Amino acid sequence: MVPPSPPARSAAGAPAPGGEEGAAPSVRPSRWAVLTWLGRVFHGLTLAVTIGVVGLVAAFAYFLFAGAWQSIAYFGLGFLTSDTWDGVHNIYGAGPAIAGTLITSALALVIAVPIALGVAIFLSELAPAFLRRPLIYVVDLSAAVPSVVYGFWAYIVLVPLMRMSIEPALSSFAGGHSPIGQPGTGYDIFTATIVLAVMIIPTIAAISREALRAVPRIQREAALGLGATRWESTRLGVLRSARSGIAAAVILGLGRALGETIAVTMVIGNIYILPGTLFSAGSTLASWIVDNFTEATPGIQRSAVIELAVILLAITVAVNVIARLLLRRMAEREAGGSSTRRRLRTTHAHTGLASGTGTGPVDPAAPGVGNREAVASRFAARLRTRQAVQWTFVVVASLCVVAAIAPFASVLYTAAQYGGSEVIRPSFYTAVAPLGCNPAPGVTCQAGGIGPYLQGSLIMLGLAALISVPVGLLGGIYLSEYGRNRFGRAVSFLADVMTGVPTVILAVFVFALFLYFDHFAALSAISGGFALGVLMLPITIRSSEEAFRSVSPALRESALALGFPKHRVTVRIVLGSSRSAVVTGLLLAASRAAGDTATVLLCAGGSTLWFQGLNTPTGSIPVFIYDNFGSNYANLQAAAWGAALVLLAIMLAIGLGARLAVRSKYDPTQAV
Amino acid sequence: MPQVKMETKGLNAWYGRRQALFDVSLDVPDGEVTAIIGPSGCGKTTFLRCLNRMHEETPGARTEGTILLDGENLGRQNVVQVRCRVGMVFQKPTPFPHMSIYDNVAAGLRLLGVRGRGELDRGVVEALQLAGLWDEVEENIDAAGTSLSGGQQQRLCIARALAVRPEVLLMDEPCSSLDPIATDKIEKLVQGLKRRVTIVIVTHNLAQATRVSDATAFFYLGKLVEVGSTHQMFESPREKLTENYVTGRFG
Ligand SMILES: Nc1ncnc2c1ncn2[C@@H]1O[C@H](COP(=O)(O)OP(=O)(O)OP(=O)(O)O)[C@@H](O)[C@H]1O
Ligand SMILES: [Mg+2]
């Protein structure tokens, strides 16, 4: 007997009543049983995928520690302070790299925070309506410029500027004394600091702006209504309320600076000494990893490099933990102590003010603030100062905006100047890279192109999408539809933390993973694609979770009330109506992956040839730029700029398209 | 007749293209309470916000016509000064979060440059007494302003506005989010305060208007329909529209 169908009108996903449950396997399953079964399979699938993601993070931690263990055990704590990196005697230490990382990041923060705050305040409080939108786009887009492009720009524009004018000027201003020092080559701590500042300003500005916008308008008006100038109302009504959001922005910026890899590597000089002055070359944890990982001999040397990655990971995580503790304290802090109360008691007694009548006899002619004439004269005396402050505020904030977007404008201009003629040539996209050559009388340089690199990038991005899109979608569905519990929140948090992990550490992990399983080469298209997939994964999970969550509960409920089982509501209604937000999130993740250099450099290596197979080293656009940014040959430099322009075009297209399509609340380009 | 404290002449106000006030000419008598009544969306808030030039803070908003304060043109004066002289209390209580009760009240004084502790203390205590809040907060003056009840928060905002000794106090439905007891306290407060400060109060509650105000103005669709003494407006309105409204036939 086929059991009768139970009423379809039931909370979907709930297990069917026992009778049908037991009967289903022995006879032909009813449609209802099939649906229930499907629902369970679907739930199970999303849960399994989510658990898999957690497993991946666990593997991440395990492989890093396992890889570093030899070095940790051998060098002990002395590793942290030793300033030796001696490949002949196999003695290694992290001192210079740690010092370089901390110094550059701290200084970059000192420069970036005031400017970024100025930008955020200008955008949220001062900008006229016609400027606001375009400026916001520009700031958001400059946060999405790939690190390798900023590094290339710094190499071409910033380093000469530092060497020729800024460093000599600063040095003579300071009399050549430490910590400024004698002017250097331009490849030094100071230049790296400036590049970092340039890169984190948009990040901090964008997130701070969101924090400022979140302050209700009424709070600004409350201050204005009290006779505050714009600046005073910003200070009283807005900044105080937004400070935890601003703190979060600053900390995210710090995280990004600490882990920034390629751009720093390109300008810091990469020598392993404790930097004595601002203008001496140095290195950071990330730059030293990139520079030494691939060539490191297996054994203690490679283990030491991996230990650097572990240290970098520990610092990034520590920064986040400190930040969170700080935020919590801030929220809990109560206003003031009891000193005012005691003081007021005395005041009260002395002035002999009647209390409690509400309209107590206060002599309007009495001296002090109570007196209207006194208020008026005070007002007149202070007004000029207050207005001067207000004008300074406007000017400073505007200058901050100029300072923040000038580098971005310069990047675009430089790329167009050197690479513009390349990208309009169709063969640029199909030809192999040219032989290095400088134009001279009687010499015709071969034009060439970036065909194999473009191909490699596309193949690896395809592989990355193959991993991160399905996993990201299923994980996102789990988190938004089933995971409203402690486990789900923990996974969300974990994914957020993972978006903040420097990509160079992800690359070290994937390399170690591939070495361990030894099935595919650790330096191959498949390894590079996997690394990009790992990079995209947390972004795709979180952005699709946010997209699904934003589907209105009313829509879900009306579908459920129609008798749709939960998994079909999810697939049809939730997926369907959040399609554009989901696609946007995926595209933004892809654009981050397309521009990332550290992962493909360490995991796929480079190759000038057309694609040779999944298991062989494969070139990519960022690696092409990285390999040729310092080339002495004009045509190779031009090709590298052309490649940079291609990356920029991809970022701009995806960034602009995404922002026009949906203003997504969770914007991965703004995180790290 | 008392002196005129504020006066609008042919006041028009826009939000972008949309006109919200049409040719409003109204006198606000000195030392009295003027109530503004009218159905939702008729421009009461807009009118009130014009009186301390808060309207111009709304993006895209503009005004035409003149507003006089003691016979001086508001538009020619420094906007910061205008808002010192014409204080404002909003519909929802707006204490500055992250500031203690004391600091909330002292905020306006500090803007004026009052730094001396004794002077600040005196100003704060006075203002809190005027707002009838002193007894309730004396013991926890250092607690956050947002830790008070809704009615107390609203009186805190009144104290904050009073601390700088404004000549006019604008109140936009100050009781709409409060319970009857808190409302009663504020109404008493309004009546007690009018000796010191001219008050313009927007209210949806007609009974409240009769309880607290001396004069009443009735707005409809952005126009001032009628203004007169509260007694006259509720007992023998000149306009049919006013009569319909005050007798509850629409709105
Ligand atoms: N910020 C704004 N932008 C555009 N139009 C607005 C804005 N604020 C108010 N308006 C319009 O102006 C008109 C008057 O609004 P106002 O807020 O002054 O009415 P109100 O009488 O205070 O109403 P309520 O009793 O509901 O508070 C309304 O039609 C409203 O739609
Ligand atoms: Mg209103």
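Which two cysteines of chain A form a disulfide, and how far apart are their sulfur atoms? The pair is A:Cys437 and A:Cys445, with 1.7 Å between the sulfur atoms, where a disulfide is defined as a pair of cysteine sulfur atoms within 2.5 Å. This is a predicted model, in which local features need pLDDT of at least 70 and side-chain atom pairs count only at pLDDT 80 or more, whereas totals for chains, interfaces and linings use all residues. Residues are numbered from 1 along each chain as its sequence is written, chains are lettered from A and ligands numbered from 1 in the order in which they are written, and side-chain values use heavy atoms, with hydrogens and water left out.

**Confidence**
- The model has an ipTM of 0.89 and a pTM of 0.83.
- For chain B the average pLDDT (the predictor's confidence in each residue, from 0 to 100) is 91, and 99% of the residues score at least 70.

**Cysteines**
- Over all chains, the count is one disulfide.
- Because the torsion about the S-S bond of A:Cys437 and A:Cys445 is about -80°, this disulfide is left-handed.
- A:Cys437 is buried at 12% relative accessibility, whereas A:Cys445, at 30%, is partly exposed; buried means under 20% relative accessible area, exposed over 50%, and partly exposed in between, with a 1.4 Å probe and protein chains only.
- A:Cys400 also counts as buried, with a relative accessibility of 11%.
- B:Cys175 takes part in no disulfide, the nearest cysteine sulfur being that of B:Cys157, 13 Å away, and B:Cys175 is buried at a relative accessible area of 9%.

- An N or O atom in the side chain of B:Thr45 is 2.6 Å from an oxygen atom of ligand 1, while a backbone N or O atom of B:Gly43 lies 3.0 Å from a ligand oxygen.
- A polar side-chain atom of B:Glu173 lies 3.4 Å from an oxygen atom of ligand 1.
- Taken alone, ligand 1 exposes 630 Å², of which the protein buries 66%, with accessible areas from the Shrake-Rupley method and a 1.4 Å probe.

How values were computed
A polar contact is a pair of N or O atoms within 3.5 Å; within protein, one must be able to donate a hydrogen and the other to accept it, and residues adjacent in sequence count only if both atoms are side-chain atoms.
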